[in-house]
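Dear colleague,

I am handing over the structure we spoke about, and my notes follow directly below it.

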Amino acid sequence: MDRRETVLIIDFGAQYSQLIARRVREAGVYSMVLPHDVSPDRVRDIAPKGIILSGGPSNVLDADAPGCDPALFAMGIPVLGICYGAQLMTHMLGGEVAPAPKPEYGKQTMRVTGDSPLLAGVASPSVIWMSHTIYIKRPAEGFSVTAETDTCPVTVCEDADRGLYGVQFHPEVVHTKCGTTILRNFLYDVCHCAGTWTMSGFMEKQIEAIRAEVGDKRVICALSGGVDSSVAAALVYRAIGQNLTCIFVDHGLLRKNEGDMVESVFKDKFKMDFIRVNCEERYLAKLAGVSDPETKRKIIGHEFIDVFTETAADLPDVSYLLQGTIYPDVIESGTGKNAAVIKSHHNVGGLPDHVPFTLLEPLRDLFKDEVRALGEVLGLDHELVWRQPFPGPGLAIRILGEVTAEKLAILREADFVFRDEIAKAGLDSEIWQYFAVLPGTRSVGVMGDERTYDYTIGLRAVTSVDGMTADWARIPHEVLERISTRMVNEVAHVNRVVYDITAKPPSTIEWE
Ligand code: XMP
């Protein structure tokens, strides 16, 4: 049983549960997200230093509102309820929760009115971020009120003797100026955490665990060139060296120079046992005449698995398959969704249920930004680790309709120019994802004295936090002008460049 210092986040369906978990980890304490109906036995097993009840979209007063086992409040483990979590704790412990006379959304001003370990070092007044229509009218017995706003008399309440704390606002969002202070107060002064969660500590422990598990058996890894599989490979290589074989299926749908970059990092720099399977032609043959986006995705996914299993079959004595599964893929949420919602495009794109290997998933406890941090600790290039998201089916879903070698070549060059100019303008860390698209339409142009009839390139650049929603990036006109001029001059068969100014929703980020 892993007894690392843990704080539990009990999820009531909040959009912010994962954010709370990340904030706790940023403060140096390992956190786990569990659904609201987690059993007290499971909690005892984990023996957390503290419990945080998340917010959530439900109304505590509804009969079918999600609850939690009341035993959680009597285990002697400190509890911090946030928004819905605070209301639920109050309701379950006999206080009064009611519709707020004036719902509060957005920034509010909080005044500290009492002594509280949770609010130590918090300025009064202080800006906090609220989002609620229900409020705590009267705290439960034994609780005192330690902060208020003009319209929310119980903004913070606590029963310090029992270690129970409730905040009506969201300390996890950046708009709450004192949020980090409050979370750190809870972790260090209330829960007495030691703060042992660091990436280098995690790396050392995982290396030991991998060595203990794998011994001298062989592990294979399907490298896609993406961040997760790259970091997983670098970690396992650190643990078992040449007993790891990486199979890099290069489907020929990567960006310019990308396949070579992956090869140079893993084969030349790390000196891994590395097999690159070049199969652009095989993919193009399978994709010939296919224009439906989902069919293209399916073909690419199946082909990947076929190439990988064919290559793996030639390797003797393979016992383990390394996968870059990360925490958001396995998290069980408070709304009843669970690991079954893993996106089909994750990792090896849906390997068959029964593979003749034991799965090795050393990143399954990490959030994406922690995976990147681990990558840096492992010595992977900054450029590789901080790359923008790139879809598994690659450029094939950025060429609308049928994929051909000619279109791939045009798109690769155009995309390269776009990325180069964005980097030169210093915008690469501001824009979440930016790429070129080849819609396949041709239009009339004039170059020199010649009439042309050539392809249009679409530019897509978005700002986003998680890819679920996105806005189009406001790239300065001068930069767009440079991109357009270079593209038309440098990329053969391009005579027009357009900029996509739709948000998601209603559009998606990718065009297919
Ligand atoms: P959309 O286009 O759905 O994209 O707004 C959201 C995010 O997901 C990526 N994406 C994919 N990633 N396989 C992947 O691995 C796919 O089939 C796929 N489709 C979209 C997209 O690049 C964006 O980051």
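Is His493 buried, partly exposed or exposed? With a relative accessible area of 40%, His493 is partly exposed, where buried means under 20% relative accessible area, exposed means over 50%, and partly exposed is what lies in between, computed with a 1.4 Å probe and with protein chains only. His493 is found in the loop between helix H14 (477–490) and strand E19, and although His493 is not a glycine, its phi is positive, at about 75 degrees.

Before going further, please keep in mind that this is a predicted model, in which local features need pLDDT of at least 70 and side-chain atom pairs count only at pLDDT 80 or more, while totals for chains, interfaces and linings use all residues. Residues are numbered from 1 along each chain as its sequence is written, and side-chain values use heavy atoms, with hydrogens and water left out. The helices (H or I, at least four residues) and strands (E, at least two residues) that I name are DSSP runs, numbered from the N terminus.

The ligand

The ligand is surrounded by 13 residues, the closest being Arg297, Gln433, Lys504, Ile509 and Glu510; a residue is taken as near the ligand if one of its heavy atoms lies within 4 Å of it. By class, this shell has 5 nonpolar, 5 polar and 3 charged residues, where Ala, Val, Leu, Ile, Met, Phe, Trp, Tyr, Cys and Pro count as nonpolar, Asp, Glu, Lys and Arg as charged, and the others, Gly among them, as polar.

Several polar contacts can be described individually, a polar contact being a pair of N or O atoms within 3.5 Å; within protein, one atom must be able to donate a hydrogen and the other to accept it, and residues adjacent in sequence count only if both atoms are side-chain atoms. An N or O atom in the side chain of Gln433 is 2.8 Å from an oxygen atom of the ligand, and a polar backbone atom of Ile509 is 2.8 Å from an oxygen atom of the ligand. For Glu510, a polar side-chain atom lies 2.5 Å from a ligand oxygen. On its own the ligand has 490 Å² of accessible area, and the protein covers 81% of that; such areas come from the Shrake-Rupley method with a 1.4 Å probe, and for residues only the protein chains shown count as cover.

Lys504, one of the closest residues to the ligand, is joined to Pro505 by a cis peptide bond, with omega about -15 degrees. Pro505 itself lies in the segment after strand E19 (494–499).

The nonpolar core

The largest nonpolar core has 107 residues, of which Ile52, Leu244 and Leu374 touch the most other members; a core here is a set of buried Ala, Val, Leu, Ile, Met, Phe, Trp, Tyr and Cys residues joined through side-chain atoms within 4.5 Å. Helix H6 (residues 227–240) gives the most to this core, with 10 residues. Because domain 1 (6–190) and domain 2 (199–385) both contribute residues, the core lies between them, the domain bounds being taken from an automatic or database domain assignment.

Strands E5 and E6 and the loop between them

The loop between strand E5 (96–112) and E6 holds Gly114, which is partly exposed at a relative accessible area of 26%. Ser126 belongs to strand E6 (residues 126–138) and counts as buried at 7% relative accessibility; a polar atom of its side chain lies 3.5 Å from the backbone oxygen of Ala123.

Other positions

His251 sits in the loop between strand E11 (244–250) and helix H7 (258–269) and counts as buried, with 6% relative accessibility. Lys271 lies in the loop between H7 and strand E12 (273–278), is exposed with a relative accessible area of 53%, and has a positive phi, near 60 degrees, in a residue other than glycine.

With best regards
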